[in-house]
Amino acid sequence: MDPIRESLLKKSRQSKVERLGKLVSFCCITLIVLIVLAIFYFVASRGLATFFHDKVNLIDFLTKDVWNPSVKDARGLPEVGALPMIVGSFLVTILSALVATPFAVGGAIFMTEISPRRGMQILKPVTELLVGIPSVVYGFIGLSVVVPFVRGIFGGTGFGILAGTFVLFVMILPTVTSMSVDALQAVPRYYREASLALGATRWQTIYKVVLRSATPGILTAIVFGMARAFGEALAVQMVIGNAALMPHNLVSPASTLTSVLTMGIGNTIMGSLQNNVLWSLALLLLLMSLVFNLLIRFIGRKGALKK
Amino acid sequence: MNVRRQDKIATVVLYLISGTIILILAALLLYILAAGLPHVSWHFLTSPARAFEAGGGIGIQLFNSLYLLVLAMLISMPVSLGAGIYLSEYAKKNWRTTFVQTAIEILSSLPSVVVGLFGFLIFVVQFKFGFSILSGALALTFFNLPLLTRNVEESLASVQGSQREAGLALGLSRFETVTRVIVPEALPGITTGMILGAGRVFGEAAALIYTAGQSAPALDFSNWNPFYIASPLNPLRPAETLAVHIWKINSEGIMPDVAAVSAGASAVLVIVVLLFNLSARWFGKWLFKKMTGGD
Amino acid sequence: MKKKILTAAALLISLVGLTACQKQSSGESITAVGSSALQPLVEAAGEQYSNDHLGKFINVQGGGSGTGLSQIQAGAVDIGNSDVHAEEQNGVDAKKLVDHRVAVVGITPVVNKKVGVTNLSFAQLKAIFTGQVTNWQQLGGADLPIVLVNRAAGSGTRVTFEKWVLQGSQAKQAQEQDSTGMVRQIVAATPGAISYLAFSYVDKSIAAVKINHVAPTDENVLTNKWKIWSYEHMYTKGKPTGLTKDFIAYVLSPKIQEKVLPRLGYISISQMKVERDVSGHVTRRS
Amino acid sequence: MQKYDVTKTAIKTFSQPEHEIALQTNDLHVYYGDHEQIKGVALQFERYKISAIIGPSGSGKSTYLRALNRMNDEIQSAKVTGSIMYRDLDVNSPQVDVYEMRKHIGMVFQRPNPFAKSIYDNIAFALRRHGTKKKAALDEIVEKTLQQAGLWKEVKDSLSKSALALSGGQQQRLCIARALALKPDILLLDEPASALDPISTSVVEDTLTQLKKDYTLIVVTHNMQQAARISDYTAFFYDGYALEYGATNQIFTQPKLKATNDYISGHFG
């Protein structure tokens, strides 16, 4: 008999290893998916109870601006208009993204186009260090520096959208910057060379060629930063003032979905309406993070098509 | 001429922006350190906290943070490695994989409060682990898994495909090729990601408030039997971490030196996280040299 | 490398499993969860109790009165700490819970020092917190807009304050803070700010306000001359037994009531000259 | 590009072999998704000879080679039909253990792909994974294969150095040594010299001719001179078909088909 032929027909150790290894790694990924589904189910089951069990109208929940879960309105339904929080969340998110974008993109251009050596040696480590600072510390600084600063200039309490924007701006800056750097670096070198060879200045090249072709990547970075800002809880809660009121201006106390959620959860009874509406807010947060994700995917796909 | 001037202006503006970013960080760091470092002493780092008198330290909180970190990383490292391997090596390009990736992304952008409350209901209440290091570590795992998994997946994907072919052509299974060839080569990236993740875990508060708890009972540092209830190693004891401590004393602290303790604790927290960052960099580079430079 | 990680994980899991099994054999412990206002007291008492009784441990957690009541109701913990009566909380079946009143906390309105008002009536306070009065000038103070700072809805301090001041009216929506420390900080720093704090948090950075010329002092609370005060409750599900029972008795013992409470800023329950039920009905204690 | 009537001339069957055959394929098709890359190829490779596969880019040479030890399995969309007979077994049949099979049908790739490990470990690694653990045995195989690959003299003092520090030509010979270490029956080489400079190329070619006495080699090459220099047989691939196959001498001097003639005389490619 041919020994090689024999050996070919036997299950080798490697194929056993492969079966086992694939199984183990599959279990790992399944575990993660199960966790996500469990969290989703858990948040949804409690969050939806507001509408099914406590009979709150979804439209009212999303459009009314009076938040007072323990008080019933004229129709006997609880006053749970989440609009002030939704507006607050979007305002701080959009404003901080607006402030952060020029800084992030500017810093990224500096790192990739203007002075890669200095950029990579100083600016990159600096932004990465910013990522590492815990959000409680941001909150602590926001409270002891930003809020008094805002109060000093605009009067009032200092708490509000503006203070929240400042804190979130610093928090999302590193994320947006480093992702923008990746986007700019992905622009092929010959684009720049071609443009420069045609006599364009460096800035023209950056503005007309590099930025243009990196736009999808930069947009993704911004949306990613917004997703982070939207979900941030502790730091925002410490500086925004937590008033469930429609924000009149940027320095009046306002609230976000996360801040109301963190504040209220310890003071309500599991299973009561007051608790369920908080889970509805959490569900809203979850859905928003889904939307942000889909947005990122959509932008990514569009960008891919262009190339 | 106009074009040239534009170019000049743009350059100046970009320099200014970059300068501002650096200035912001420098100011942040200086502020934290200047406010906190004067309060940091050996005594502060090693003595237990006091609820209502001055002179408390953060010794137990610091130990708790480190122990929790080790446990959380021990659980999340193998899982994220496995999941990352699956995603980068086995997952086919179809809707299921997209679904899984979206799920992971969502988990990573989930507010940590939600993760904490989920952990509270599942581990603390359902599994009866109580407010404990174990509950906290599991909640942190949830919080950490998506980031680590993505990091592993990306690090593995950045290793050239020809390395996989090399292993496979030698009659090795894909799994052994990945674990013995690709993972070692991706190790610098993976390690950097893990250490950065560790830094995040170290600074996390919201996910822990309702899982690891907000009290730091005195520990008996002479008894390391993990079954003893006051043993530092007991995974079922409640454990307030440094980040939670900062949050708590800022909210409810009634000791006279609240401001000093919170500033000091913040400084320590930031220093530790910075150390994680720097060591991630250094270790990643060192590992890369070692991996590519033979045994 | 991977094997090592796996081995470590396996070891860890078995260790945890073992610990879970052996939990009872090496020391006994109970868990008390809830009100962050009561937390320091229970913590301090628990620490002393462990010193006096070797091998017995009291785990104390914050999380808020709501958490305390939901957890004790669910039977997940041994003691639920709360600043509010279980009857006052939505979603709690108070009949299943046994109330142990362990301390009293007085709550006072506090204002920023620039306000220039030292005395208010209940009616004025109500007008302030419902938003009918918006400037301190209307109350004889400085020309400053009134800035309301509330505690989070459902927090014990707020429930108590609103119960006695607003008497059922709806408070004006205003900024809310999760914690006492933060409230004090904001009131101290914001001209025109008014809020309310437990007595023990009042310090020189802010000004406490008299109500109807009654000063917010412990003595006035003992006789109910100062009306805004609340009991601190430790709830158990059914009658307490074993360690839980011993510990509650310990908290009520003179050792804690007379020596520890005053240092922490609580008013001892044993010194109270009056008793008040959940509907606010006051009886003299004999 | 000139059109040839490929379907009629393509090799579909072959006569009974005169020599010992190491490997043969019958009606082999390879699909990538919907695209048929190899459209039915029948070839047989003689033992202890070098067979070269030539043909223009995109003619399916590499795809065919990769099918022989089932490397196409690793490409998700790839599908292979037809048979690949090796030792009376169809390589594609589920009974055959793919990992064991690859030990016997080794492969060297176009671009050198040494592991980011030491030179020694590059060779010893797979051996260890397949069960050879003894240091002495490993040492012996490392030395022997490095000698076979003509690399021993250059690296014997730096075995613990990183393989990535070697030149491209040296890396490729290390990859050949690495493949030889498993004592394969057949060695598949996919344009092994295309990424190398002329001097390294000639060293690698020498190495291959040396190996012929112990191994059956199948070499895909883009370089016709190379095929002429080293191979005993040559197959000409065009558009997913093997159009002509025969002794190298005959293919290069008297090709039967116009297409082959056009290709080797440089009219297209």
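**Salt bridges and contacts in a predicted model**

Me: Which residue of chain D meets the side chain of Glu176(B) in a salt bridge?
Reply: The model is a predicted one. In it, N and O come to 3.1 Å in this pair, and a salt bridge needs them within 4 Å.

Me: How many salt bridges does the rule find across the interface of chain D and chain B?
Reply: The contact takes in 27 residues of chain D and 24 residues of chain B. Polar contacts between the two chains come to 7 residue pairs, with both residues at pLDDT 80 or more. For salt bridges across this interface, the count is 3.

Me: Which element gives the largest share of the side of chain D that touches chain B?
Reply: The elements of chain D that give two or more residues to this side are α3 (98-104), β6 (105-108), α4 (119-129) and α7 (168-180). By class, the residues of this side are 12 nonpolar, 7 polar and 8 charged. The largest share is 4 residues, and the element that gives them is α4(D).

Me: What part of the area buried between chain D and chain B do carbon and sulfur atoms give?
Reply: The two chains bury about 2,100 Å² between them. Of that area, the share from carbon and sulfur atoms is 56%.

Me: Where in chain B does Glu89(B) lie, the partner of Arg164(B)?
Reply: Arg164(B) and Glu89(B) form a salt bridge with closest N and O atoms 2.7 Å apart. Both residues are buried. They also belong to a network of salt bridges that includes Arg174(B), Glu74(D) and Arg102(D). Arg164(B) is in helix α7 (residues 161-169), and Glu89(B), 75 residues away, is in helix α3 (residues 59-90) of chain B.

Me: How far apart are the C-alpha centres of the two domains of chain C?
Reply: Domain 1 of chain C covers 2-103 + 231-284, and domain 2 covers 106-222. Their contact takes 14 residues from domain 1 and 12 residues from domain 2, and the area buried is about 1,100 Å². The distance between the C-alpha centres is 30 Å.

Me: Which residue forms a salt bridge with Lys163(C)?
Reply: Between domain 1 and domain 2 of chain C the count is 1 salt bridge. Lys163(C) is in helix α5 (residues 156-165), and its partner sits 75 residues away in the loop between β3 (79-82) and β4 (97-111) of chain C. The closest N and O atoms are 2.9 Å apart, and the partner is Glu88(C).

Me: Is Lys163(C) buried or partly exposed?
Reply: Buried means under 20% relative accessible area, and exposed means over 50%. Lys163(C) has 29%, so it falls in between.

Me: How many residues apart in sequence are Arg229(D) and Glu205(D)?
Reply: The side chains of Arg229(D) and Glu205(D) meet in a salt bridge at 2.7 Å, N to O. Arg229(D) lies in helix α9 (residues 224-230) and Glu205(D) in helix α8 (residues 198-211), so the pair ties together parts of chain D whose separation is 24 residues.

Technical notes: Residues numbered from 1 in each chain as written. Chains lettered and ligands numbered in written order. Predicted model: local features only at pLDDT ≥ 70, side-chain atom pairs only at ≥ 80, totals over all residues. Heavy atoms only, no water. Contact = heavy atoms within 4.5 Å. Buried area = accessible area lost by both parts, 1.4 Å probe. Polar contact = N/O pair within 3.5 Å; in protein donor to acceptor, adjacent residues only side chain to side chain. Nonpolar A, V, L, I, M, F, W, Y, C, P; charged D, E, K, R; others polar. Domains from an automatic or database assignment. Buried < 20%, exposed > 50% of the residue type's maximum accessible area, 1.4 Å probe, protein only.
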